[in-house]
Amino acid sequence: MKYLLYLMSFLSFFLVFSQASKSDDKLDEQQLLINIYGNQNSKKVINYDKSFVSESKLFYESLEKKSSIQLSDKDKIEFTLNNYLEGSSYNNLGQLEGVFTENATLYLTVGGEFKSLTPKEYVAFFKDAEKGKFNGRYGKVLSIEVVKDIATAKVEISIPERKMIYIDLLLLKKSENNWKIISKTATRIDDTEGK
């Protein structure tokens, strides 16, 4: 997956730079950046795998517009899930909130009480941590099942320092060629209480 993203990143940059060099008009640096990343007013985040996210628009959309490479729905879902995992592991609030639909519902146990949270309320759990600094959360995608324009995903989150392991179950929906999380629930599986 990472190799595919690197390849697509290279192709995207190559196409943009080759277009700029063929043009009779010289592009200034600002215009070139807009051509590569989109509107100058949008926020940019660079992931660990060198893919770009511009607010709620995912990088794979720009790749598909600039090249003949078509990503599968599963690849797009993995991209969304990787942004979810990275956003929560590195306290990147915009990246984390961007993977959810605005009206997503998160069903979680908080302080021993079952609660229904909005994405903004969930993201607020990470607001006091240093942005971009690893917070000890390791995540991996365990499974993805796609049925037309809906999908389910199972993700494991481990926090070794606190001896915690969680399983997240996520429901995703495809809209305008984007895959976003519309619901989430989680449970702690390392807990030996009650055994």
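The largest pocket of this predicted model holds about 760 Å³ of space. Here a pocket is an open set of points on a 1 Å grid over the protein atoms alone, where a 1.4 Å probe fits, with protein on both sides within 12 Å along at least five of seven lines; the volume is the space filled by probe spheres set on the points, which are joined across faces, edges and corners. Of the 26 lining residues, Arg137, Ile159, Arg162, Met164 and Tyr166 are the closest to the pocket's centre, where lining means having an atom within 4 Å of a point. Strand 4 (100-110), strand 7 (150-159), strand 8 (164-175) and strand 9 (178-188) each supply at least two lining residues, and strand 9 gives the largest share, with 4 residues. Helices (H or I, at least four residues) and strands (E, at least two) are DSSP runs, numbered from the N terminus.

Turning to the sheet, 6 strands form an open arrangement in the order 5-4-9-8-7-6, with mixed pairing; two strands pair if DSSP finds at least two bridges between them. Strand 5 (113-117) and strand 6 (138-147) are the edge strands, each pairing on one side only. Strands 6 and 7 are joined in the antiparallel sense over 9 bridges, and Val147 has Ile150 of strand 7 as its bridge partner. Helix 4 (residues 73-89) packs on the sheet, touching strands 4, 6, 7, 8 and 9, with contact meaning heavy atoms within 4.5 Å. The direction of helix 4 makes about 150° with that of strand 6; axes are lines fitted to C-alpha atoms, for helices over the stretch in contact, and angles run from 0 to 180 degrees between N-to-C directions.

Residues are numbered from 1 along each chain as its sequence is written, and side-chain values use heavy atoms, leaving out hydrogens and water. Local features need pLDDT of at least 70 and side-chain atom pairs count only at pLDDT 80 or more, while totals for chains, interfaces and linings use all residues.
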